[in-house]
Amino acid sequence: MKESQNKFKCLNCGWISSEDINEEQPEHCPNCLAGIHTENEEGYECGGILEAVGIWVKTDDEWMIIQRCSLCGEMHLTPVRKRDSVVKLLSIASKPMSSPPFPIDRLEELTRIMGGRGNIK
Ligand SMILES: [Zn+2]
Ligand SMILES: [Zn+2]
């Protein structure tokens, strides 16, 4: 069996494309949305994993994936593609809501401290 050169294998999650990707190598993995940091600011090859850390809704029909390099910490933007995993996209987009940076069970107390009527009695 002839191994295709056009198959994409993700170095982060090991995902392999089931069909040839005839366009240029995808800049990020459709399964985990991670990519490889090929160049840093000085133009050197970094080789770190660009982990998807957030979603930026630029316009209604253009979403960007915010990636952060695990090696050098550089932030990177990559446009969302049609083949990208919707489940993964939504899980990244909803992360701040499922684990907010403040304690949600203390909301009543916080509201009271701020002078609001936080009492539920
Ligand atoms: Zn992947
Ligand atoms: Zn890097």
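Predicted model: local features only at pLDDT ≥ 70, side-chain atom pairs only at ≥ 80, totals over all residues.
**Zinc ion (ligand 1).** Four cysteine SG atoms coordinate this ion, from Cys10, Cys13, Cys29 and Cys32, at distances of 2.2 to 2.3 Å. Along the chain these donors follow the spacing C-x2-C-x15-C-x2-C. Cys10 and Cys29 are 19 residues apart, and the pair links distant parts of the chain, although each of the two lies in the segment before strand E1 (35-36). Cys10 has a relative accessible area of 4% and Cys29 one of 0%. Because buried means under 20% relative accessible area, Cys10 counts as buried, and so does Cys29.

**Zinc ion (ligand 2).** The protein donors here are ND1 of His37 and the SG atoms of Cys46, Cys69 and Cys72, which lie 1.9 to 2.4 Å from the ion. Their spacing along the chain is H-x8-C-x22-C-x2-C. Cys46 sits in the loop between E1 and strand E2 (49-59), whereas Cys69 belongs to strand E3 (residues 62-69), so this pair ties together parts that are 23 residues apart in sequence. Both cysteines of the pair, Cys46 and Cys69, are buried. The arrangement around the zinc ion (ligand 2) is tetrahedral because its four donor atoms subtend angles of 105 to 122 degrees.

For four tetrahedral donors the ideal angle at a metal is 109.5 degrees. The angles at the two sites are set out below.

| Site | Donor angles | Geometry |
|---|---|---|
| Zinc ion (ligand 2) | 105 to 122 degrees | tetrahedral |

Technical notes:
Residues numbered from 1 in each chain as written. Chains lettered and ligands numbered in written order. Heavy atoms only, no water. Donors = N, O, S within 2.8 Å, 3.2 Å for Na, K, Ca; no water. Helix = DSSP H or I, 4+ residues; strand = E, 2+ residues; numbered from the N terminus. Buried < 20%, exposed > 50% of the residue type's maximum accessible area, 1.4 Å probe, protein only. Tetrahedral: all angles 85-135°; square planar, octahedral: opposite > 155°, others 65-115°.
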